[in-house]
Each structure stands twice: as C-alpha cells, then as structure tokens.
Amino acid sequence: MKLIDTRQAVGHVLCHDLTQIIPGVTKDARFRKGHVVTEEDIPVLLSMGKGHLYVWEKQPGMLHENEAAERLRALCQNEHMHPTPAKEGKIELIADMDGLFQVDVERLNAINGEDEIMIATRHTNTAVHKGDKLAGTRIIPLVIAEDKLRSVEDRAGSTPILSLTPWKLKTCGLITTGSEVAKGLIQDSFTPVIIRKLADYGIEVTHRCLPGDDMAAITAAALEYKTKGVDLILCTGGMSVDPDDRTPGAIKDTGAEIVSYGAPVLPGAMFLLGYFADGTPILGLPGCVMYAKATVFDLMLPRIAAGVRVSRADLKALGHGGLCLGCAECHYPICPFGKGV
C-alpha cells in the first residue's frame with residue numbers, strides 16, 4: 001500500500017472499504033476494497049472527509065484481485081454460460097440454458113489446493129435452469145503473485161473444468177408392468193409420475209403399453225419401441241426378487257448391455273440401467289419411484305436426459321450420499337440426497 005492525496009487517486013485501486021455516513025439515511029461502504037477510483041469519485045471522497053487514501057501500488061509480477069478472478073473464470077467457463085462483471089474481486093458464471101451441470105471435481109480440488117485461490121461451484125451432475133448461478137471465482141487477498149496463478153493454470157490444463165450440456169432426449173417408450181394393472185384390478189399410479197418427471201426435462205411419453213407380467217411381452221414391447229426410434233425406454237415395476245417380477249430378465253433378453261442391476265441408493269436399490277448398442281438407454285424402475293418424492297431415478301435422470309452415458313462406476317459412487325433421510329417436508333434437490341461430497 002501507499003498513501004496518496006485523494007486528488008491524485010484517479011486510476012488507483014483502494015486497499016480497504018470506505019464508509020459513508022449520512023445521518024438518518026445510511027451508514028454503509030460507499031467504496032469497496034478493490035474499487036478503481038474515477039474522476040467522478042473525487043468530490044464524493046472529499047465530502048466524506050477523505051483527503052488521503054491508501055491505494056495499491058502495482059508492482060511487476062503482481063495481479064489485482066479483479067485480474068486474478070478473470071484468469072480463474074477462464075479456467076471454468078465453457079459453452080452455454082456467461083460471466084458477471086468483476087465486482088469486489090469476484091466473478092460468477094451464470095447458466096444460459098437448462099441442462100446438466102458437471103464439474104471436473106479432481107481438477108477443481110487441485111486448483112483449490114493452492115493457498116489464496118478459490119473456485120466455488122454447484123454440485124456436479126445436477127440439473128440447472130437458465131439464469132442459475134453455477135460458480136464463483138476470486139482470490140483471498142487483494143493482490144496475488146502472477147507466478148502462483150500461472151502454476152494453477154498449468155495444473156488445470158487446457159479445457160474448462162465446468163460443462164453445461166442441454167437436454168437431448170425427446171421421446172420415451174413406457175412399459176408399465178404388473179398383471180394387476182393390466183387387468184384393471186388397481187389404478188396405474190406409476191405412469192402419471194413418470195410423465196411429470198420426464199416433462200421437466202422436455203421428454204414426452206410417445207408410446208405406452210401394459211404387458212402384465214409376461215416376460216416375453218415386456219421384451220417384445222421394448223424391442224418394438226427400439227425399432228420405432230424412441231430416445232429412452234422405461235420399464236416400471238416388477239423389479240424385485242419375487243417370482244412374478246419378470247422385468248430384469250425381460251430387459252436382459254432384449255440384448256441390451258446391462259450396466260448394473262442394483263444401485264447403492266435408498267430408495268431405489270433395485271434400479272436397473274442398460275444400453276442398446278446404439279446408445280439408447282433402457283431402465284428398470286422399482287416401485288419406490290411411484291410414491292417417493294426423490295429416488296435413484298431422480299439422481300440418474302439429469303444425466304440420462306442430457307445423453308451422458310452412465311457407467312457402473314458412476315452408479316456405485318452414489319452410495320456416499322445415497323441415503324434419503326425421508327424428511328417430513330421434502331426439499332429435494334435442495335438437500336444432501338445424492339450429493340456425496
């Protein structure tokens with residue numbers, strides 16, 4: 001810092017907040033730390049009794065917080081997002097569209113492992129909407145050595161650590177199993193739930209059938225929908241180990257590659273995920289999806305809707321954070337469910 005005459009401060013950067021007091025009106029920071037003094041600011045500063053100011057004395061190899069925030073922003077920003085102007089040393093990234101938000105967590109942790117530097121993000125693999133805040137970047141002090149920032153940039157690599165993928169799947173073939181539903185003995189409560197959940201991601205149920213518990217009929221329906229070119233095939237119910245629950249075997253008989261039958265998530269342990277050779281996903285949904293507010297289906301649907309292939313490892317990693325607490329009033333997705341870190 002150096003002390004200068006306020007009249008000579010134009011273009012200099014303030015090193016601390018300056019509070020303005022107007023009795024009965026306000027007592028607040030009129031100028032924030034990091035503010036670049038303008039010609040118009042001089043009369044205001046003098047009226048506040050500030051004849052001298054402490055300002056940052058720029059030195060070679062040192063970066064101001066706004067410059068540093070911009071460099072960190074560049075490590076994060078990808079398609080379909082835009083930055084806010086630098087304010088008080090901070091830049092935020094905002095979503096330009098609805099879609100799947102993902103973070104390269106390993107690289108994020110490597111960046112944040114450097115002292116005096118921080119990037120804060122939403123959780124990875126979550127659904128976001130246009131206008132949502134995605135991340136914020138800044139440094140902790142007012143200035144930072146450029147060499148330190150450059151080493152972080154080298155560590156981060158050449159590709160952004162954030163991504164926002166728009167929803168890609170548009171159509172769904174829905175197979176509602178269960179002889180009790182097919183015979184009309186009970187009302188189909190599954191289908192309205194699925195239609196509503198899919199609609200949130202722009203997916204429409206274009207084909208639907210009630211094959212009962214006939215395994216061959218379930219397989220045939222799935223293959224028919226595959227031939228018709230739907231983007232997603234869902235089989236609801238019949239996912240447990242009871243003798244009449246034929247859905248897992250029926251899905252296997254379609255020839256789809258089974259990524260996993262079972263997931264470390266409650267509710268939703270009997271979830272099944274598979275893919276046809278062309279990448280079309282086929283899912284077996286356990287009964288909990290019908291009545292529980294948040295299940296494994298809600299955790300997986302954003303990735304499925306964005307066309308991002310889910311691996312066995314992805315599913316197995318859900319165990320940490322995969323226990324729904326069954327709150328009296330559900331606030332999902334604003335809750336710990338499905339968020340392992």
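Glutamate 116 is partly exposed in this predicted model, its relative accessible area being 35%. The residue lies in the loop between α3 (105-112) and β10 (117-121). Although glutamate 116 is not a glycine, its phi is positive, at about 75 degrees.

Histidine 80 also has a positive phi, near 65 degrees, in a residue other than glycine. Its place is the loop between α2 and β7 (81-83). With a relative accessible area of 29%, histidine 80 is partly exposed. As background, most residues other than glycine have a negative phi, and most peptide bonds are trans.

The peptide bonds of two prolines come next. The bond from leucine 266 to proline 267 is cis, with omega near 0 degrees, and proline 267 is placed in the loop between β18 (257-261) and β19 (272-275). The bond from tyrosine 332 to proline 333 is likewise cis, with omega near 10 degrees. Proline 333 belongs to the segment after α11 (312-316).

The axes of α2 (residues 65-76) and α4 (residues 146-156) come within 10 Å of one another and cross at roughly 5 degrees. Because angles under 35 degrees count as roughly parallel, α2 is roughly parallel to α4. On the α2 side, the contact is formed by Ala68, Arg71, Leu72 and Leu75; on the α4 side, Glu146, Leu149, Val152, Glu153 and Ala156 meet them. The residues of this contact divide into 6 nonpolar and 3 charged, with no polar ones.

Terms used
Residues numbered from 1 in each chain as written. Predicted model: local features only at pLDDT ≥ 70, side-chain atom pairs only at ≥ 80, totals over all residues. Heavy atoms only, no water. Axes fitted to C-alpha atoms, helices over the stretch in contact; angles between N-to-C directions. Helix = DSSP H or I, 4+ residues; strand = E, 2+ residues; numbered from the N terminus. Parallel < 35°, antiparallel > 145°, perpendicular 65-115°, else oblique. Contact = heavy atoms within 4.5 Å. Nonpolar A, V, L, I, M, F, W, Y, C, P; charged D, E, K, R; others polar. Buried < 20%, exposed > 50% of the residue type's maximum accessible area, 1.4 Å probe, protein only.
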